[in-house]
Amino acid sequence: MTIKPASQPTGQGLRVLIADDNQSDRMILQAIVRREGHEVLLATDGREAVELFKQHSPDIVLMDALMPVMNGLEASRAIKALADSDLVPIIFLTSLQDAESLAECLDSGGDDFMSKPYNRVILKAKINAFSRMRVMHAQLQRHNRQMLLEQQVAKTVFDNVAHSGCLNLPNIQHSLSPMAVFNGDTVLAERKPDGGMLLFLGDFTGHGLPAAIGAMPLAEIFYGMTSKGFSMEEVLREVNSKLCKILPVGVFCCGAMVELNFHNKSARVWVGGVPDVYLFREQSGKVERFASAHLPLGVLDPQEFDPHSQDVVMHNGDRVFLWSDGIVESRNSTNEMFGEDRLNQVFASTDSPDLIFQAILDQVDRFMGGSDRDDDITLVTAKMVDIEQIGMTTYESSKGSIGGPVNWTLSLALHDQSLAAFNPLPLVMNLLMEVEGLRPLGGQLYTLLAELFSNALEHGVLELDSSLKTGPQGFGQYYLRREQALAALSNGSVRLTLTHRPLPVGGELIMEVTDTGTGFDYANYGDGDLTTDAQSATDHLADSVLRPNVNWDYSGRGITLIQQLSDELTYLDEGRSVRAVVRWPRNGVVVKHTGN
């Protein structure tokens with residue numbers, strides 16, 4: 001029931017309900033109340049008082065404790081239930097003097113009491129005091145309604161920004177259980193142009209709106225940079241730099257970020273301040289843990305921040321689990337924490353890997369029982385799958401241009417220091433996506449450029465042997481040597497030359513990547529057979545890329561992928577240069593090699 005707020009001046013114009021079975025007492029009270037300028041409603045018992053309250057919504061109730069049909073205590077409880085969150089003061093009128101009876105009046109919903117015989121001065125003062133309370137209560141309600149409305153609008157904007165990624169993919173499960181409208185915990189997921197995925201769980205210090213404010217710029221950076229193809233390290237650096245600038249002292253973001261590569265079945269893990277990230281192996285049922293090795297985001301200056309991650313090989317069906325400390329620090333009625341031991345028992349005792357996610361939430365909920373939460377509870381998991389199960393990404397340009405450049409050539413040469421510190425792919429892709437006809441091919445083009453550039457850098461300039469990527473240890477060792485070689489690089493360069501030209505139908509993009517290495521023995525690759533068609537390239541890709549063998553052999557896959565994504569592929573200058581052609585609308589692939 002909605003009660004009208006007290007808008008009258010203090011002590012004037014109130015509607016007062018008097019409930020008393022004694023006629024003389026009713027008349028005395030009525031005379032006193034009317035003399036002060038208030039409207040009076042009269043009831044002879046508790047039931048009549050409740051009915052009058054339903055019909056007229058009085059501002060204050062003067063209630064006799066002892067009445068027939070329904071006594072004052074029962075009537076008081078019924079009126080308070082009808083008033084709900086509105087403040088309707090009930091002053092008990094009683095001749096009772098013992099403390100227990102007076103306490104019972106207050107426990108039943110009474111706000112004050114007056115003893116008979118009634119004192120006009122005291123009654124007037126009590127009515128005026130409760131009138132002031134009603135005015136303040138009504139103001140608080142209006143402010144609260146306005147605050148809730150503003151929070152809901154802000155929450156809608158927040159959700160549109162912070163949850164605009166790919167959390168709805170079938171290989172992801174997530175749960176956020178905030179303590180308030182806003183959540184200090186943040187879960188973000190976004191696809192990369194090459195089909196991969198970045199997953200982030202953040203836990204800002206504090207709760208509610210103050211903790212959620214930092215999630216807005218974090219989400220903008222995360223989604224924008226990931227969708228453009230920036231590396232996980234570059235995303236982490238930019239997020240840390242931004243949070244350092246905008247967050248006040250003492251506010252930071254504990255977090256964990258995982259990059260999943262669905263082509264070569266691998267992951268990269270960075271953990272800074274949150275509980276260990278778990279990797280659950282579906283075949284063996286074993287759990288590998290990645291402990292926090294970094295400080296939270298927003299703590300260190302950009303020059304001191306370390307974005308380096310751990311590399312790990314995965315199989316289809318393997319899952320990564322990320323959670324906030326609200327999981328392990330949940331407490332029951334005896335103030336005992338859930339802890340990591342109970343968490344580990346869930347992994348050990350759950351029959352199916354698909355049930356682990358829900359089993360964790362159920363166990364935490366049962367452990368807490370009815371006890372109050374003192375932290376946000378957030379859990380997210382992502383499963384390694386074949387790329388066909390989630391599809392490739394669609395590159396969307398925010399420019400909104402129609403047509404774009406048609407006939408152009410771009411040449412970009414990167415030398416030693418630039419090769420070690422700069423990723424040219426987002427810059428190049430930004431130009432390519434200005435060509436309207438290339439936008440539907442954005443994911444394909446990014447993957448193709450990434451493979452061409454990484455082959456030129458790693459195998460051409462750095463002269464790394466891809467056969468090192470045999471076995472889980474070799475996979476990590478390969479990327480360790482890559483970092484060491486880049487740090488020691490003092491000469492060498494990679495040149496990217498892109499040419500786009502219109503065709504009678506569609507257009508043609510020619511990508512040529514040249515390095516200063518010793519060359520690539522393309523003639524002996526795959527027993528010397530480098531000429532193939534689109535179907536055989538697709539079959540080769542399915543065998544060697546999408547279904548990795550049990551020997552963890554990750555070498556030689558890039559060339560197969562390049563073949564499948566190109567309409568023409570030509571090796572030049574003893575393998576130091578490779579030219580890939582993509583036409584739109586898309587045609588078949590023809591691979592050539594020449595020594596020229």
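Proline 585 lies in the loop between strand S20 (577-584) and strand S21 (590-593). Strands such as these are DSSP runs of E with at least two residues, while helices are runs of H or I with at least four, and both are numbered from the N terminus. A cis peptide bond joins tryptophan 584 to proline 585, with omega at about 0 degrees.

Before going on, a word about the model. This is a predicted model, in which local features need pLDDT of at least 70, side-chain atom pairs count only at pLDDT 80 or more, and totals for chains, interfaces and linings use all residues. Residues are numbered from 1 along each chain as its sequence is written, and side-chain values use heavy atoms, with hydrogens and water left out.

### The sheet from S6 to S12

Let us start with an open sheet of 5 strands, in the order S6-S15-S14-S11-S12, with antiparallel pairing. Two strands pair if DSSP finds at least two bridges between them. At the edges are strand S6 (172-177) and strand S12 (287-290), each of which pairs on one side only. From one strand to the next, the twist averages 15 degrees.

S6 and strand S15 (residues 377-383) run antiparallel and are joined by 6 bridges. Within this pair, glutamine 173 stands opposite threonine 381 in S15. Helix H11 (residues 356-368) packs on the sheet and touches S6, strand S11 (277-280), strand S14 (319-323) and S15. Contact here means heavy atoms within 4.5 Å. The direction of H11 makes about 165 degrees with that of S15. For such angles, axes are lines fitted to C-alpha atoms, for helices over the stretch in contact, and the values run from 0 to 180 degrees between N-to-C directions.

### The sheet from S7 to S13

Next comes an open sheet of 5 strands in the order S7-S8-S9-S10-S13, also with antiparallel pairing. Strand S7 (185-191) and strand S13 (310-313) each have a single partner strand, so one side of each is left without a neighbour in the sheet. The twist averages 15 degrees from one strand to the next.

Strand S10 (residues 266-272) is joined to S13 by 4 bridges, and the two run antiparallel. Valine 269 stands opposite glutamine 310 in S13. Helix H7 (residues 215-228) packs on this sheet, where it touches S7, strand S8 (197-204) and S9, and its direction makes about 15 degrees with that of S7. H8 lies across S8, S9 and S10, running at about 160 degrees to S9.

### Residues in loops

Which residues sit in loops and count as exposed?

| Residue | Loop between | Relative accessibility |
|---|---|---|
| Valine 69 | strand S3 (60-64) and helix H3 (72-83) | 56% |
| Aspartate 84 | H3 and strand S4 (90-94) | 62% |
| Glycine 250 | helix H8 (232-246) and strand S9 (253-261) | 52% |

Valine 69 has a phi near 65 degrees, a positive value in a residue other than glycine. Aspartate 84 likewise has a positive phi, near 60 degrees, and is a residue other than glycine. As for glycine 250, its C-alpha atom is separated by 8.0 Å from that of threonine 205, and the two residues are 45 apart along the chain.

Definitions and conventions:
Buried means under 20% relative accessible area, exposed over 50%, partly exposed in between (1.4 Å probe, protein chains only).
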